[in-house]
Amino acid sequence: MTGLYDKLKDFLKKDIASRLAIIITAAIFLELISVVQYYYTRHLLKEELDKRSEIELRVKSRIIQNTLQSAEATMRDHLWDMQTNLAHPDSMFSSTRRLTETNEKVVGGCIAFVPYYYPAKGRLFEPYAQKKGNGIEVVQLANEEHDYTRHPAYQSVVSNHQGIWSDPYLYGTDSVSRLSTYSYPLFDKKGKLAAVCGLDINLTWLGDTLNAWHGYPSSFGLMLTSNGRLVSPTLHPITNQQDIEQVVSLINDSTVKRTLSTNGRNRMIEFRSHKNGEKAYIYYTTLRKHPHWQIALVNYDREVYAKVYRMRSYNLLMMLTGILVLLFLINRFARSEHRLHMAGIEKARIGSELNVARDIQTQMLPKTFPPYPERDDIDIYGSLSPAKEVGGDLFDFFIRDEKLFFCIGDVSGKGVPSAIVMAVLHKLYRMVSAHVNNPAQIMQALNEELCKENETNMFVTLFIGILDLPTGHLSYCNAGHDNPILVGTMLEKLPVEANLPLGLFEDVRFEKQEMQLPASVTLFLYTDGLTEAKNPESQQFGIRRVMEALALCRQQKNMTAESMVNTMAHHVHQFIDWSAQSDDLTLFAIRYMQQQKNHSSN
């Protein structure tokens, strides 16, 4: 045995070419694995970037468009008031005051009459109301120095008899504001043009809206006019002015190469920063309706592909380590058969880790969902009524593998920031629940993602359930949300563990709960906008009134999920005397109608 060992040792020492060939072959093989893995992962992350940018641009476009449409609606709502008082020129001052005070985004309003409409008032007459402090100041603004008839917006409305938004402009001396004016024609009862009305809105909120939430820390948003002029700069603290100017220039340069997003609505420009040569991507889209402003979102390559760069470095390190280990094992083979065996184990471990990494990346592939099917074993209906133009509530459901996945949630706060967070949560829920059947695991994954970069300390209450349709087995997990209610032969709350809401602490652990849902039982879910709805006397609707309304529903025969939700909505709106909601209101009913058989649940 000793003689054979010595011969093998001498052979390895003499055959240097064979040893080098083994090392070079191993290096090439590992490098090929690393390269394939690198580019495959980049492709997955690029698809994820496209989808994130598409969602963010779509949500923010809707928010901005809704705000502008709100100002347009304010103008249309007051046309009758102004038309009714045309016979009294001095009453126009009161009309401008009422026009200005009804919308929080409006900072000023005017009525610019056609020349000599009121002969006693002279050629120019323009009552103007402006918010100052806690009050409204009303003046006659027009004079020969301020001749509104020479303004392009006035001339456009007079010529076309259509409303128009002006490009943003700076207004004021002591405190300069960036404004945009919506101009609209005012006709008298005979159909003759009497004046051009204007509403001024302050655009300072655009910066907050465009940068309320981003998928990457250094990303920032911009808005440009239809002709490419900057409307609202980013409020991101780490963004430099040079990059902003470069982004605006690239969007306006028709020679720059552009690619379309997967849905064909967004365009993308790839560029390198003039300041430091860093690679970045511009995603931008145009508002569908007038004023057709452009929203741009900028993401930096180093953050988009940060994980794959780290993975590439780790792989190179592992490859070099493997080569060194392989060289060491070859040189030491003649001295120790045991070390050669350990080298094989180490190589197998490295290969196993590469396979695990590949499996994880495969799970990152986006999943598709079928449309909601028509079924006779469940009856589902939900409604969501935001307190403002947008809200932070959510409910969702879909069927996969004969299991009904559903959830209902509520983001802290109201308005734009909550809506953006909820849009992100909805996307994350769909992505995670596409391949996870445990509601506690889904909740855990959502919490971990929401805790990342949560500098605003926003949190989410959420209830997730999974109903096995053939057996009626219900598994669920709660995160600080109100108890759902079981409506059947009896009326009772579903027993749930309260748990902490999502987004507060990353190390929170959630537990799954289970029960058997009987046939013909309805699971009624809601957000706190129901129980905390207040009437004019500041009394809350409360859980007692919720139970009373559901008891009335239970007495009716063939009560559907839709009628239950509509009945509850009617009761709560009747309670608050049909006034405006103070919080988002979401109602969600799931009626299980399967005639259960003797199945054993897994």
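The crossing of helices α14 and α15 is right-handed, meaning that the near helix is turned clockwise from the far one by less than a right angle. This is a predicted model, where local features need pLDDT of at least 70, side-chain atom pairs count only at pLDDT 80 or more, and totals for chains, interfaces and linings use all residues. Numbering starts from 1 along each chain as its sequence is written, and side-chain values use heavy atoms, with hydrogens and water left out.

Back to the helix pair: the axes of α14 (residues 542–555) and α15 (residues 561–575) come within 10 Å and cross at roughly 140°. That makes α14 oblique to α15; angles under 35 degrees count as roughly parallel, over 145 as roughly antiparallel, 65 to 115 as roughly perpendicular and the rest as oblique. Axes are lines fitted to C-alpha atoms, for helices over the stretch in contact, with angles from 0 to 180 degrees between N-to-C directions. Helices (H or I, at least four residues) and strands (E, at least two) are DSSP runs, numbered from the N terminus.

On the α14 side, the contact (heavy atoms within 4.5 Å) uses Arg545, Val546, Ala549, Leu550, Leu552 and Cys553, and α15 brings Met564, Thr567, Met568, His571 and Phe575.

Now for the sheets. One is open, with five strands in the order β14-β23-β22-β19-β20 and antiparallel pairing; two strands pair if DSSP finds at least two bridges between them. β14 (378–385) and β20 (491–493) stand at its edges with a single partner strand each, so one side of each has no neighbour in the sheet. β19 (residues 485–487) pairs with β20, and Leu486 sits opposite Glu492 in β20. Helix α15 turns up here too, lying across β14, β19, β22 (521–526) and β23 (585–592).

The other open sheet also pairs antiparallel, with five strands in the order β15-β16-β17-β18-β21. Its edges are β15 (393–400) and β21 (513–516), each with a single partner strand, so one side of each is left without a neighbour. The twist averages 15° from one strand to the next. Helix α11 lies across β15, β16 and β17, while helix α12 touches β17 and β18 (473–479).

Here are the strand pairs with their bridges.

| Strand | Partner | Antiparallel bridges |
|---|---|---|
| β19 (residues 485–487) | β20 | three bridges |
| β16 (residues 403–411) | β17 (residues 460–468) | nine bridges |
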